[in-house]
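Here is a short walk through the model, written to be read with the 3D view open beside it.

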Amino acid sequence: MFTAFDRPDNLPDAIARQIRLKILSAEFQEGQKLPTEFELAESFQVSRNVVREAIARLKLNGLVETRRGVGTFVAGNVNARKFEVIADDLLDAGQLKHVYQLRIEIEAGAAALAAENRTARQLKALETALRETDKAGGDWQRGAEAALKFHLAVTQCSNNPYFIRLMEHLSYVLHNAVRTLRYSTTGTERIGHIETEHHEIFDAIRNQDAQKARQAMRHHLSNGMERYEYLNKKD
């Protein structure tokens, strides 16, 4: 049911992460009783105190509720609670893929809206962000930061505050994944492809072609995800 592991720095957080993923994926349904502390301790090969701390973290996040003398249950309406992507959850490759799929849909739509709604001032800011990505060259750290700023600038051009807030959240939690991917592309032909794809996105937004902007962003992010999956297979 669960995966035992070598001792990470923070066992309660690691255990809470595994249980949280099972709740969010509906493997554990709303109202379902979780395994007992003893059963969880056996599964994870840890002490019951460690399990108790993990459960306390889940309870603090509103994902579970405890009933004295009965046990711990998945909280009701858990999927209607505040939307949040937790950075630590993205250590799981499957979860990262799911979030990246969400990012593709969000950013493709934002790019289309940017083409329709951007102002001249916003286009200038987007061009400045584009030039920064060009200047990064083989500097993977600078390139990762510049790329995130470019994508945020695209979303700003949408002039939709909900797209902007959601993209700011996704950028924050995906920061390390983007840095890792950028590092892995250093010295490869993918760097040149990234630069070309950024320019295609910018050109479509500049020309106010919503369909091309949507396609260009989808193509760019899909290529990035394919690259990530390729690297994972190699490892």
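Helix α2 spans residues 37–44, and its buried residues are Leu40, Ala41 and Phe44. Looking down the axis of α2, these buried residues fall within an arc of 100°, so they line one face of the helix. The cover over them includes α1 (11–24) and α3 (48–60). Just past the end of α2, glutamine 45 takes a positive phi of about 60°. Keep in mind throughout that this is a predicted model.

One of the helices covering that face, α1, is also the place of isoleucine 19. Is isoleucine 19 buried or exposed? Its relative accessibility is 1%, and because buried means under 20%, isoleucine 19 counts as buried. Along the chain, isoleucine 19 and leucine 63 are 44 residues apart, yet their C-alpha atoms are separated by 9.7 Å.

Stepping back to the whole chain, you will find nine helices and two strands. Starting from the N terminus, the elements run α-α-α-β-β-α-α-α-α-α-α. Some overall values are gathered here:

| Property of the chain | Value |
|---|---|
| Buried share of the 235 residues | 44% |
| Share joining residues at least 24 apart, among contacts between residues at least 6 apart in sequence | 71% |
| Accessible surface | about 13000 Å² |
| Share of the accessible surface belonging to carbon and sulfur atoms | 48% |

Now for the nonpolar cores. The largest one has 22 residues, and those with the most contacts inside it are Leu126, Phe150, Val154, Ile201, Ile205, Ala213 and Met217. Two or more residues of this core come from each of α4 (93–117), α5 (120–136), α6 (140–158), α8 (190–206) and α9 (210–234). Apart from this core lies another, of 20 residues, and among them are Ile23, Ala41, Val46 and Ile55.

Which residues does phenylalanine 150 touch, leaving aside its neighbours within four places in sequence? The contacts of phenylalanine 150 are Leu126, Ala129, Leu130, Thr133, His198, Ile201 and Phe202. Of these partners, Leu126 and Ile201 are also named among the residues with the most contacts inside the largest core.

Finally, a look at the rings. The structure holds zero aromatic pairs.

Definitions and conventions: Residues are numbered from 1 along each chain as its sequence is written. This is a predicted model: local features need pLDDT of at least 70, side-chain atom pairs count only at pLDDT 80 or more; totals for chains, interfaces and linings use all residues. Side-chain values use heavy atoms; hydrogens and water are left out. Rings of Phe, Tyr and Trp (its six-membered ring) pair if their centres lie within 6.5 Å; planes under 30 degrees apart count as stacked, over 60 as edge-to-face and the rest as tilted. Buried means under 20% relative accessible area, exposed over 50%, partly exposed in between (1.4 Å probe, protein chains only). Helices (H or I, at least four residues) and strands (E, at least two) are DSSP runs, numbered from the N terminus. The arc is that of the directions from the helix axis to the C-beta atoms. Contact means heavy atoms within 4.5 Å. Accessible areas come from the Shrake-Rupley method with a 1.4 Å probe; for residues, only the protein chains shown count as cover. A nonpolar core is a set of buried Ala, Val, Leu, Ile, Met, Phe, Trp, Tyr and Cys residues joined through side-chain atoms within 4.5 Å.
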